[in-house]
Amino acid sequence: MKKKILIIGSGGNIGQYIYNNLDKNKYLIFGIEKENNLKKNIFNFKKILKKNISFDTIIHAAGVNPTKFSKKKNFKKYNENKIINDNCLKIINKKKSNKVIFLSSFSVYKKNKYINEASNLENNNLYAKSKIEFEQQLLNLKNSVYILRLCSVVGLGTKNNWLTEIYNTVQNNKKVILFNKNNNFNNC
């Protein structure tokens, strides 16, 4: 019998990549996005809660990105992430999933020259706060919880990260500068 996996945020960069690349012969894959697409097993939060389906694994890859290109205010991003996280908790509790994977963010750490798992957490950044709060809520569950603090979103179409910048530079046949005093990339 195929294991059932739910990807919350299956329309975003990372969620879509996971959704498209999991082995469909091995897993029955469902997604959560804003709009339903029943042919692809993609539902919104309300619709998936009404479905009589349980999931072996829930992957939480959704969230409002803190990118400087966003026009939303920080408190609005925080509130939207909190709503997404609350809906995710409802699904985890109702569907009784055994395993939860949360794609958190490297931004939970205070900026420092060297960062590792023991580094202090960020208290002033509302995006980081939404991630830290949800991590704590997950750790209070009795499920198997895996929290991955990703350092950046990479891939075609992403912005403001070192790997994508290098890719675009090479594609445009420009000179690649890995480091200089005016060019710091700190998210990879």
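Over residues 184-188, pLDDT stays under 50. For this stretch the model has 13 contacts beyond four places in sequence. Keep in mind that the whole structure is a predicted model. Across the protein, the average pLDDT is 83. A score of at least 70 is reached by 84% of the residues.

Now go to helix α1, which covers residues 13-21. Three of its residues to look for are Gly15, Ile18 and Tyr19, which are buried. Look down the axis of α1: the buried residues fall within an arc of 100 degrees, so they line one face of the helix. What lies over them?

β1, β4 and β5 are the elements that give two or more residues to its lining. The lining is made up of Lys3, Ile5, Leu22, Tyr27, Asp56, Thr57, Ile59, Asn98, Lys99 and Ile101. By class, five of these residues are nonpolar, two are polar and three are charged.

How many cavities of 30 Å³ or more does the structure hold? There is one. The largest cavity contains about 40 Å³ of space. Two helices, α3 (74-95) and α4, are the elements that give two or more residues to its lining. Of these, α4 gives the most, with four residues.

Move on to the loop between β5 (99-105) and α4 (126-139), where you will find asparagine 120. Is asparagine 120 buried or exposed? Its relative accessibility is 55%, so asparagine 120 counts as exposed; the cut-off for exposed is over 50%. Asparagine 120 still has partners from elsewhere in the sequence. Leave aside the neighbours within four places, and asparagine 120 is in contact with Val108, Tyr109 and Lys110. Take lysine 110, which is 10 residues away along the chain. The C-alpha atoms of lysine 110 and asparagine 120 are separated by 5.8 Å.

Two further asparagines deserve a look for their backbone angles. Asparagine 41 sits in the loop between β2 and β3. Its phi is near 60 degrees, a positive value in a residue other than glycine. Asparagine 41 has a relative accessible area of 23%, so it is partly exposed. That class lies between the buried limit of under 20% and the exposed limit of over 50%.

Asparagine 173 is found in the segment after α5 (162-171). It is not a glycine either, yet its phi is positive, at about 55 degrees. How open is this residue? With a relative accessible area of 73%, asparagine 173 is exposed.

Definitions and conventions: Residues are numbered from 1 along each chain as its sequence is written. This is a predicted model: local features need pLDDT of at least 70, side-chain atom pairs count only at pLDDT 80 or more; totals for chains, interfaces and linings use all residues. Side-chain values use heavy atoms; hydrogens and water are left out. Buried means under 20% relative accessible area, exposed over 50%, partly exposed in between (1.4 Å probe, protein chains only). Contact means heavy atoms within 4.5 Å. The arc is that of the directions from the helix axis to the C-beta atoms. On a 1 Å grid over the protein atoms alone, a cavity is a set of points where a 1.4 Å probe fits but cannot get out, and a pocket is an open set with protein on both sides within 12 Å along at least five of seven lines; lining residues have an atom within 4 Å of a point. Grid points are joined across faces, edges and corners, and a volume is the space filled by probe spheres set on the points. pLDDT is the predictor's confidence in each residue, from 0 to 100. Ala, Val, Leu, Ile, Met, Phe, Trp, Tyr, Cys and Pro count as nonpolar, Asp, Glu, Lys and Arg as charged, and the others, Gly among them, as polar.
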